Amino acid sequence: MLQRDSFKDYLLEIPNYLAIFIFPLFFLTLSPILLDISTSTGIKTGDFNLVFTFFTVGSVIGQLTSILYTRRFNSLFVLVASFIILIPVTFILSLISGLYAFFIMYFISGYILGVVWLQANNNIMRSRIKNKDRLTSLALSFYPIGAFVAPYISSSLVSRGMDWQILYYILIFLIIIIIILYLTITRRIGYLSLKHDQKISFREIFTDKRRNILFILTAVMLMIYTISETVIASWAPTFFRTERAYSIGDAALVVSLFWGGILAGRVITGILSGKIRAYYLVLILSLVAVLSAVSIYFSGNRNLDLVIIVIIGLGYSAIFPLLISTGSTVYKLGSGVLLTILFAAANLGISLAPYMIRFFSGFSMLLSISLAPIFMMVFIILSISIIIYSRAIKIKSKNI
């Protein structure tokens, strides 16, 4: 008889959940208050929006180099040390007002949280819990939870006349809590692997050219998807405030509803994932996303806008975890390497999006927000292509 995972086992993963939770919280709190930061610092919103790119580039490099630290230190040490270093970095962010200073500090914070992100995800995969599918779904749900909460924190502070820099003190408080939890919970349960990560060459992993193409297509799809998602998540509040005269509270609500839709969608697709093949489910979700994203341009009603935003979130909801799970299981060996490449591709898309937004917003705000459905249309073409290709090469897998 198989031993069932206990509720306590899931609770013991709280430090890793919070490590994932703080990642979106760290930078998405800025999304609804870009205009307020611009007024306070004199930095143009389009220019300040590039902090998302610097943060993301830093996180990509952090994820790529994270594996190097665990070859010398155990994961718990890397996580605690990273969070300790993040405290003074966050404090400095509360003091600066120059654009380039923000770029540098957000790059550094992105790097640190990139290291944390990969460590936390690897620890989840190495935990004592047998049902990794359920654990991964639960853990990754903390990203949209953080993204859902983030705009409320910032908009609540600004709407009450408080300085937006207080955000960083709130983050420092949360970082201290996470450090304490890692030192009290994770340190005692001793489930983390203390072994150095084994070196696996690319030749040992990428042995099948057909599967290589499938993996490359998945990585490209992740990049295209994250460009589209980032446009909605980071730029939609500014679009609605400038083009449709939304208040800061309504702008924050737009972001929260978007991520709320994503969270709800992941719960729903978690039920459907065993009944519908992953790539087909990805195609269905992308169709929902692009149709709802296009329809928002024809809506002139605030309440209808908010409903559509939720539907957009439902469309985007499970695309990311489905592509991560299918891409990381293309090969049996080197799942850590595969995950690192896939996360890098996703973050590349996130880092490119602000530059595209900045360029196209110079022509039209409508054109800049239109990047979301445009890239989702490209994504749909790739989704159809990968379905056709996976059937053509007849890779027999439950994930395809």
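R241 forms a salt bridge with D36, with 3.1 Å between the closest N and O atoms; a salt bridge here is a side-chain nitrogen of Lys or Arg within 4 Å of a carboxyl oxygen of Asp or Glu. This pair links distant parts of the chain, since R241 is in helix α12 (residues 209-243) and D36 in helix α3 (residues 34-41), 205 residues apart. Helices (H or I, at least four residues) and strands (E, at least two) are DSSP runs, numbered from the N terminus. The model is predicted: local features need pLDDT of at least 70 and side-chain atom pairs count only at pLDDT 80 or more, while totals for chains, interfaces and linings use all residues. Residues are numbered from 1 along each chain as its sequence is written, and side-chain values use heavy atoms, with hydrogens and water left out.

The protein chain has 19 helices and zero strands. Of its 400 residues, 56% count as buried; buried means under 20% relative accessible area, exposed over 50%, and partly exposed in between (1.4 Å probe, protein chains only). The accessible surface of the chain comes to about 17,700 Å², of which 67% belongs to carbon and sulfur atoms. Accessible areas come from the Shrake-Rupley method with a 1.4 Å probe, and for residues only the protein chains shown count as cover. Among contacts (heavy atoms within 4.5 Å) between residues at least 6 apart in sequence, 84% join residues at least 24 apart.

The structure holds three salt bridges. In the pair described above, R241 is buried because its relative accessible area is 18%, whereas D36, at 21%, is partly exposed. The side chains of D47 and R358 also meet in a salt bridge, at 2.9 Å from N to O. D47 lies in helix α4 (residues 45-48) and R358 in helix α17 (residues 335-361), so this pair ties together parts 311 residues apart in sequence. D47 is buried at 18%, and R358 is partly exposed at 39%. A salt bridge also joins R302 and D250, whose closest N and O atoms are 2.9 Å apart. R302 is in helix α15 and D250 in helix α13 (residues 248-272), so parts 52 residues apart in sequence are tied together. R302 counts as partly exposed at 33% relative accessibility, and D250 as buried at 18%.

A search of the whole structure finds 29 aromatic pairs. Rings of Phe, Tyr and Trp (its six-membered ring) pair if their centres lie within 6.5 Å; planes under 30 degrees apart count as stacked, over 60 as edge-to-face and the rest as tilted. One of the pairs, F102 and W164, is tilted, with 6.2 Å from centre to centre and 40° between the planes. F102 belongs to helix α7 (residues 99-125) and W164 to the loop between α9 (142-159) and α10 (166-189), so the pair ties together parts 62 residues apart in sequence. F102 is buried at 0% relative accessibility, as is W164 at 5%.

On the surface, I284, V288, L304, V307 and I311 form a nonpolar patch with about 380 Å² of accessible area together. Patches are made of residues with over 30% relative accessible area and no salt bridge, like charges being joined within 9 Å and nonpolar side chains (Val, Leu, Ile, Met, Phe, Trp, Tyr) within 5 Å. The largest share, three residues, comes from α15. V288 is in helix α14 and is partly exposed, with a relative accessible area of 33%.
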